[in-house]
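Subject: Structure handover

Hello,

Here is the structure I promised to pass on. Please open it first, then read my notes below.

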Amino acid sequence: MWVLRDGIVVTGTLSCVIAILVKSVYGLFYMCTDLMYVILFPQLTCVLWIGFTNTYGALTGYALSLFLRVAAGDTLLGIPVLIQFPFYTEADGQLFPFKTLTMIVNFVAIISVSAFTRLVFRRGWLSTRWDVFNVMTREEDAKRAEERGESLMMKEREGSNRDPGYEQNEKMKLRDSHFQ
């Protein structure tokens, strides 16, 4: 819980600082879409479509893409350019498609680090005692649940965590569909 609480405080603080520093609403919108494309799009795609990705890859990709994006500079926030990509000029700024490159680097980092950490823990090169994010434990739990025909994401067996009024709602739906 403390991680969630601290994350909320840090996110709220950073949001306030960014809102104060940015001069226009359009600038905020542009920056948000930029960060969604560069950082969150690869994360979401890997979670949904690449089954072996894990927390280690996600954190590595996040940190790497955030660094590359900030190091490319941003005139809106007044961040100076630390990395001059090809075709950089003082007058025009970054002409290289560095956002796409950063997004691709994010994908590669997530996939490669996830595969590497999975290999290291599965082969026993590193004890699962060092698995601070419990990736291997969750993977084993998911495998056992799949063998039993369950889903960890949606437990819909009899007597599981359903809404107390679930049966009543289902009866109402059947009744309403009968009168249509």
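Contact, as used below, means heavy atoms within 4.5 Å. Please keep in mind that this is a predicted model.

**Overall**

The protein chain has six helices and zero strands. From the N terminus on, the order is α-α-α-α-α-α. Of its 180 residues, 23% count as buried. The accessible surface comes to about 13,500 Å². Carbon and sulfur atoms hold 66% of that surface. Among contacts with a separation of 6 or more, 58% join residues 24 or more positions apart.

**α2 against α3**

Helix α2 covers residues 25-49, and helix α3 covers residues 55-71. Their axes come within 9 Å and cross at roughly 160°. An angle over 145 degrees counts as roughly antiparallel, so α2 and α3 are roughly antiparallel to each other. Their crossing is right-handed.

On the α2 side, the residues that meet α3 are Asp34, Leu35, Val38, Ile39 and Gln43. On the α3 side they are Ala58, Gly61, Tyr62, Ser65, Leu66 and Arg69. By class, this contact has six nonpolar, three polar and two charged residues.

**α2 against α4**

Helix α4 spans residues 98-122. It packs on α2 at an angle of about 25°, with the axes 9 Å apart. Angles under 35 degrees count as roughly parallel, so α2 is roughly parallel to α4. This crossing, too, is right-handed.

From α2, the contact takes in Tyr30, Asp34, Tyr37, Val38, Ile39, Phe41, Pro42, Gln43, Thr45 and Cys46. From α4 come Lys99, Thr100, Thr102, Met103, Asn106, Phe107, Ile110 and Ile111. By class, the contact of α2 with α4 has eleven nonpolar, five polar and two charged residues.

**Residues to look at**

Start with Asp34, in helix α2. Is Asp34 buried or exposed? Its relative accessible area is 6%. The cut-off for buried is under 20%, so Asp34 is buried. Leaving aside neighbours within four places in sequence, Asp34 is in contact with Arg69 and Lys99. Asp34 is listed in the contact with α3 and in the contact with α4.

Next is Ser114, in helix α4. Ser114 has 0% relative accessibility and counts as buried. What does Ser114 touch, not counting residues up to four places away in sequence? The list is Phe52, Thr53, Asn54, Gly57 and Ala109.

Phe121 also lies in helix α4. Phe121 is buried, with a relative accessible area of 8%. Leaving aside neighbours within four places in sequence, its contacts are Tyr56, Leu126, Ser127, Thr128, Trp130, Asp131 and Met136. Phe121 and Val135 are 14 residues apart along the chain. Their C-alpha atoms are separated by 9.4 Å.

Phe87 has a relative accessible area of 60%. Exposed means over 50%, so Phe87 is exposed. Most residues other than glycine have a negative phi.

Best wishes

Key
Residues numbered from 1 in each chain as written. Predicted model: local features only at pLDDT ≥ 70, side-chain atom pairs only at ≥ 80, totals over all residues. Heavy atoms only, no water. Helix = DSSP H or I, 4+ residues; strand = E, 2+ residues; numbered from the N terminus. Buried < 20%, exposed > 50% of the residue type's maximum accessible area, 1.4 Å probe, protein only. Areas by Shrake-Rupley, 256 points an atom, 1.4 Å probe, with all protein chains shown as cover. Axes fitted to C-alpha atoms, helices over the stretch in contact; angles between N-to-C directions. Parallel < 35°, antiparallel > 145°, perpendicular 65-115°, else oblique. Left-handed = near helix turned anticlockwise from the far one by under 90°. Nonpolar A, V, L, I, M, F, W, Y, C, P; charged D, E, K, R; others polar.
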